[in-house]
Amino acid sequence: MFSHTAAPAVQNAVFLILAEDETFGESLCFALLRLVPGAQIFRVASPGEAIVTLSKLPHVTAAFLALPPQR
């Protein structure tokens, strides 16, 4: 007897964006939606909020962090 395992279900793309520059964050969001229609995109305002959001999500395709350099 042969056993067949089903292919894993394809999960929807989930992106997290933390960008201090709001214009850049919005541009990245629109670009991702154009490339991956139907993707879930979470935009957060701080690293702490990013950690909380990431901990609540069962799956994240990619996280984009665009913060200014430390001086």
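## Strand β1

Six of the six residues of strand β1 (residues 14–19) are buried, so the strand is largely enclosed by the rest of the structure. Buried means under 20% relative accessible area, exposed over 50%, and partly exposed in between (1.4 Å probe, protein chains only). Strands (E, at least two residues) and helices (H or I, at least four) are DSSP runs, numbered from the N terminus. Val14, Leu16 and Leu18 point one way from β1; Phe15, Ile17 and Ala19 point the other way. In a regular strand the side chains alternate between the two faces of the sheet.

This is a predicted model, where local features need pLDDT of at least 70, side-chain atom pairs count only at pLDDT 80 or more, and totals for chains, interfaces and linings use all residues. Residues are numbered from 1 along each chain as its sequence is written, and side-chain values use heavy atoms, with hydrogens and water left out.

## Strand pairing

β1 runs parallel to strand β2 (residues 40–44), and five bridges join them. Two strands pair if DSSP finds at least two bridges between them. Val14 sits opposite Gln40 of β2. From β1 the chain passes through helix α1 (residues 22–35) to β2 in a right-handed β-α-β crossover. Right-handed means that, with the strands pointing away from the viewer, the path from the first strand over the helix to the second runs clockwise.

Strand β3 (residues 62–66) also pairs with β1. The sense is parallel, over five bridges. Ala66 in β3 is the bridge partner of Ala19.

## Phe15 and the aromatic pair

The whole structure holds one aromatic pair. Its rings are those of Phe15 and Phe64, tilted, with 6.1 Å centre to centre and 40 degrees between the planes. Rings of Phe, Tyr and Trp (its six-membered ring) pair if their centres lie within 6.5 Å; planes under 30 degrees apart count as stacked, over 60 as edge-to-face and the rest as tilted. The pair links distant parts of the chain, with Phe15 in β1 and Phe64 in β3, 49 residues apart.

Phe15 counts as buried, at 6% relative accessibility. Phe64 is partly exposed, at 29%. Leaving aside neighbours within four places in sequence, Phe15 has contacts that include Leu32, Val36, Ile41, Phe42 and Phe64. Contact means heavy atoms within 4.5 Å.

## Nonpolar core

The largest nonpolar core has eight residues: Ala13, Phe15, Ile17, Ala19, Leu28, Cys29, Leu32 and Ala39. β1 and α1 are the elements that give two or more residues to this core. Such a core is a set of buried Ala, Val, Leu, Ile, Met, Phe, Trp, Tyr and Cys residues joined through side-chain atoms within 4.5 Å.

Thr53 lies in helix α2 (residues 47–56). Thr53 is buried, at 14% relative accessibility. Not counting residues up to four places away in sequence, Thr53 touches Leu16, Phe42 and Val44.

Asn12 belongs to the segment before β1. Asn12 counts as exposed, at 56% relative accessibility. With residues up to four places away left out, Asn12 touches His59 and Thr61. The C-alpha atoms of Asn12 and Val36 are separated by 9.2 Å, and the two residues are 24 apart along the chain.

## Whole chain

The protein chain has two helices and three strands. Their order from the N terminus is β-α-β-α-β. Buried residues make up 21% of the 71 residues. Among contacts between residues at least 6 apart in sequence, 68% join residues at least 24 apart.
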